[in-house]
Amino acid sequence: MDNEQHPTDISDDLHVKFLHVFTQHRNQMYSYIFSLLPHRDDAEDVFQRTSLILWKKFPEYDESSSFFSWACGVAFYEVKNFIRVAQRKRLQFREDVIEQLADERAGIPQLKLDQRASTLQECIKKLKDKDRELINQVYREQTPVKELADAAGAAIQTLYNRLNQIRRQLTHCIERTLSYTGEGK
């Protein structure tokens, strides 16, 4: 019997290793990409492209290093590339802002990000119904603020001011909650 591995066996082993490590870090990678792009659809698009690139480049991955760090490096360049070629007329972060966000995000452990996200959801539940609805329309449904202002017969600046107040309120709620539980900064 031959002890040599056939090329298909090597390919299968590589595939299994990739799937194992990719599945462990999938949510973290998506969170990382979403933290760099303001729109969920864009983050999904970049996540898909990044996943394909990671699969293609997996034979180059050094198993002695962190897969998540390697994947974030690939994702970072995909985010930069996406922004560079985006032809949409939507708000996009400037490249220097992306780099700053990436640097800050890289220094925050995933557990802490998960705690902040969970706390944010709890703080959103504490908002007044009309404020929670505004947040949902702007951030989840991605309804343009101008469209909401027109529908309400309000000045666009009034809605922007209200959104800023709600964001400050949520930030204070998150900070209070995390510092109370000892999980803050």
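**Exercise 1.** Which residue lies over the face of phenylalanine 34, and at what distance from the ring centre?

*Solution.* The model is predicted: local features need pLDDT of at least 70, side-chain atom pairs count only at pLDDT 80 or more, and totals for chains, interfaces and linings use all residues. Residues are numbered from 1 along each chain as its sequence is written, and side-chain values use heavy atoms, with hydrogens and water left out. A charge sits over a ring if NZ of Lys or CZ of Arg is within 6 Å of the ring centre and within 35 degrees of the ring normal. Arginine 40 is placed over the face of phenylalanine 34, 4.6 Å from the ring centre. Ring pairs also link Phe34 into a cluster, with Phe18, Tyr30 and Trp70 among its members.

**Exercise 2.** Classify the ring pair of phenylalanine 76 and tyrosine 77.

*Solution.* Rings of Phe, Tyr and Trp (its six-membered ring) pair if their centres lie within 6.5 Å; planes under 30 degrees apart are stacked, over 60 edge-to-face, and the rest tilted. The structure holds 13 aromatic pairs. In this one the centres are 5.2 Å apart and the planes 75° apart, so the pair is edge-to-face.
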